[in-house]
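Here are a few friendly notes to read alongside the model. They cover the pocket first, then the salt bridges.

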Amino acid sequence: LLVSKDLGKHLLEVEDLLQKHSLLEADISAQTERVQALNAAALKFSELEGYQPCDPQIICNRVNHVQTCLEELGELAGKRRKELEDSRQLWTFFQEMEEAEGWIREKEKILAAKTCGRDLSSVLTLTNKHKSMLGELGNRRALLHQTVKKGEQILAKKRGGPGGIQEKMREVRLRWKKLEEVTGLHQQRLQEALNFFQFSAETDDLVAWLQDTYRIVSSDDFGHDDYSTQSLLRKHRAVVEEVEKHRAAVVALRKQLALLAPEHRQGVDVQIRVVEVEQLYGEVVEVAVLRQQWLQDALAVYRMFSEVHACEVWVDEKEQWLEKMEVPEELDEVEVVQHRFESLDQEMNSVMGRILDVNQVVQQLVDGGHPSSEEVRSCQDHLNSRWNRVVELVERKKGQLSSVLKIQNYLLEC
């Protein structure tokens, strides 16, 4: 049993042989105690004085022979165990190598069947799965390193080593290297797909924002009075600030496109998309400028109407006063009225400045092609005609006062 050359043809067979060898070693251990007891008893016969049933030398030789056989048996058992353990180490190495090859084949099939996703969500899912696979790859790399180290140790113990170890290590190393290359390429493709879909998602978000902003800046609501128009103008200025902030994002699209993988950046659809974004942004900016001008014009119109209303209220008041006023004949009363006209002259100078401002604003609106030019011009003409009427009334009343003063002065001189 101990000189058998059967060291097993696979790991399970070696394990079975080792179990049987352990039983044999236990049997040898048990027999060793028995032999030692028998040898001790036999040696007592060689020490007897007087009658000796057997020659003491024969007893000693027998005992030494049995002891030598027992020791040789122990040496054979030790040698057999070492050979079996070396065989187990060898077949363990081959089994671990086969497991590594099986794992590599499995991952190769998975990587060959994997796509890079159809949208951002699927790419993110695949990226997370790939990260898990990279973790598995790291763990398997450490195990493979340990297995290769075992193979190198087997080769170091026996020059040349059992056949197939070097070939197996070289084969598995080559397959592992190829797997890492394929894994790296797939990771690169996933990253490229992720960059593309992130770019597409950001572009879609930018387009959606620009479309919403375009609807806002193209609104035909310019307010219905001074207060509402000012409110709309403040909101519009805030929108214009946001549009300006998004300019950098629109400009950056070209740079981001250049960083994409050739298969993504050279697509006609994505290039058209970038051009559409740039054109849409230009339209938003253009319409925003127009809306701001229209709001400012509307505000100018409402303020002009407000100013015209204030001037007409003053004109109404003075017109009624002038029409009802009768020039007195008494000198004292004439002087009082004359003082009132002096105050009126100051008021008229102030109102005249306001009317001139109104005329200037109207001219600017008309020259700018404001859609309410006719209404504004009509309002201007009405105010100017009423102002001219007041001026005529004042001049007529002043003339009457001057005549009365001349008569009164003449009578006083007389």
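**Notes on the pocket and the salt bridges**

1. Helix α8 gives the largest share of the lining of the largest pocket, 7 residues. Helices here are DSSP runs (H or I, at least four residues), as strands are (E, at least two), numbered from the N terminus. Both α8 (268–324) and α9 (331–367) supply at least two lining residues each.

2. Before going on, please keep in mind that this is a predicted model, where local features need pLDDT of at least 70, side-chain atom pairs count only at pLDDT 80 or more, and totals for chains, interfaces and linings use all residues. Residues are numbered from 1 along each chain as its sequence is written, and side-chain values use heavy atoms, with hydrogens and water left out.

3. The largest pocket holds about 270 Å³ of space. A pocket is an open set of points on a 1 Å grid over the protein atoms alone where a 1.4 Å probe fits, with protein on both sides within 12 Å along at least five of seven lines; lining residues have an atom within 4 Å of a point. Grid points are joined across faces, edges and corners, and the volume is the space filled by probe spheres set on them.

4. Arg386 sits in helix α10 (residues 373–413) and is buried, at 15% relative accessible area (buried means under 20%, exposed over 50%, partly exposed in between; 1.4 Å probe, protein chains only). Arg386 forms a salt bridge with Glu319, the closest N and O atoms being 2.9 Å apart. That pair spans 67 residues, from α10 to α8. Glu319 is also buried, at 11%. Salt bridges with shared partners join Asp316, Glu319, Glu323, Arg386 and Arg389 into one network.

How values were computed. A salt bridge is a side-chain nitrogen of Lys or Arg within 4 Å of a carboxyl oxygen of Asp or Glu.
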